[in-house]
Amino acid sequence: MSILKQIKELPKGYSEVTFQNKKYGVTRTDFNNGKSIKIYAEELAGNDFISLNYYITLDKELLKPCEMPHEKVIHFLNNYKLLNNESHLE
């Protein structure tokens, strides 16, 4: 599955997922008519977090992790499991 498809599987607003047997709260915010997407996931019972921006331009799509390895973000996006389908907009 493509990275963009994995990102779009997360509902806009707040949702919860499991990743590596841990529960995370995830916030997805879209900007510029969906051409820019911010994802922030925080482990609910620990210290881990995932933070990224995804940009869609006329020429390409860009994944920009925020101060963490690219591989960590890709691993999260390819392996999270959505726990609910409700979106809670902030």
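Helices here are DSSP runs of H or I with at least four residues, and strands are E runs of at least two, both numbered from the N terminus. With that in hand, here are some exercises on this predicted model.

**Exercise 1. Work out which pattern of helices and strands the chain follows, and how its radius of gyration compares with the globule rule.**

Solution. 
- Step 1: Count the elements. The chain holds 2 helices and 6 strands.
- Step 2: The pattern reads α-β-β-β-β-β-α-β.
- Step 3: Turn to the radius of gyration. The value is 12 Å, close to the 12 Å that the globule rule gives for 90 residues, so the chain is as compact as a globular protein of that length.
- Step 4: Along its principal axes, the C-alpha trace spans about 40 × 30 × 25 Å.
- Step 5: Of the 90 residues, 37% count as buried. Among contacts with a separation of 6 or more, 40% come from residues 24 or more positions apart.

**Exercise 2. Find the strand order in the sheet and say which strands stand at the edges.**

Solution. 
- Step 1: The 6 strands form an open sheet, S5-S4-S3-S2-S1-S6, with antiparallel pairing.
- Step 2: Read off the edges. Strands S5 (61-65) and S6 (81-82) each have a single partner strand, so one side of each is left without a neighbour in the sheet.
- Step 3: Place the helix. Helix H2 (residues 70-79) lies across S1, S2, S3, S4, S5 and S6, and runs at about 90 degrees to S4.

**Exercise 3. Name the residues with the most contacts inside the largest nonpolar core, and the elements that give two or more residues to it.**

Solution. 
- Step 1: Identify the core. It has 20 residues, and those with the most contacts inside it are Ile7, Val26, Leu52, Tyr54 and Phe76.
- Step 2: Assign the elements. H1, S1, S2, S3, S4 and H2 each give two or more residues to this core.
- Step 3: Zoom in on leucine 52. Beyond neighbours within four places in sequence, its contacts include Ile7, Ile37, Ile39, Leu63, Val73 and Leu77.
- Step 4: Glutamine 6, found in helix H1, has a relative accessible area of 9%; the cut-off for buried is under 20%, so glutamine 6 counts as buried.

**Exercise 4. Find how many salt bridges the whole structure contains, and examine three of them.**

Solution. 
- Step 1: Side chains of opposite charge can pair when their charged atoms come close.
- Step 2: Take the total. The search finds 5 salt bridges.
- Step 3: Begin in helix H1 (residues 3-9). Glutamate 9 and lysine 5 meet at 3.7 Å, N to O. They are 4 residues apart, which means a separation of about one helical turn. Glutamate 9 is partly exposed at 42%, and lysine 5 is partly exposed at 43%.
- Step 4: Go to aspartate 30 and lysine 12, whose closest N and O atoms are 4.0 Å apart. Aspartate 30 lies in S2 and lysine 12 in the loop between H1 and S1, so the pair ties together parts that are 18 residues apart in sequence. Relative accessibility is 21% for aspartate 30 and 45% for lysine 12.
- Step 5: Extend to the network. Salt bridges that share partners join Lys12, Arg28 and Asp30.
- Step 6: Finish with glutamate 16 and lysine 23, which form a salt bridge at 3.3 Å, N to O. Lysine 23 is partly exposed, at 40%.

Technical notes:
Residues numbered from 1 in each chain as written. Predicted model: local features only at pLDDT ≥ 70, side-chain atom pairs only at ≥ 80, totals over all residues. Heavy atoms only, no water. Pairing = 2+ DSSP bridges. Contact = heavy atoms within 4.5 Å. Axes fitted to C-alpha atoms, helices over the stretch in contact; angles between N-to-C directions. Salt bridge = Lys/Arg side-chain N within 4 Å of Asp/Glu carboxyl O. Buried < 20%, exposed > 50% of the residue type's maximum accessible area, 1.4 Å probe, protein only. Core = buried A, V, L, I, M, F, W, Y, C linked by side-chain atoms within 4.5 Å. Rg over C-alpha atoms; globule rule 2.2 N^0.38 Å.
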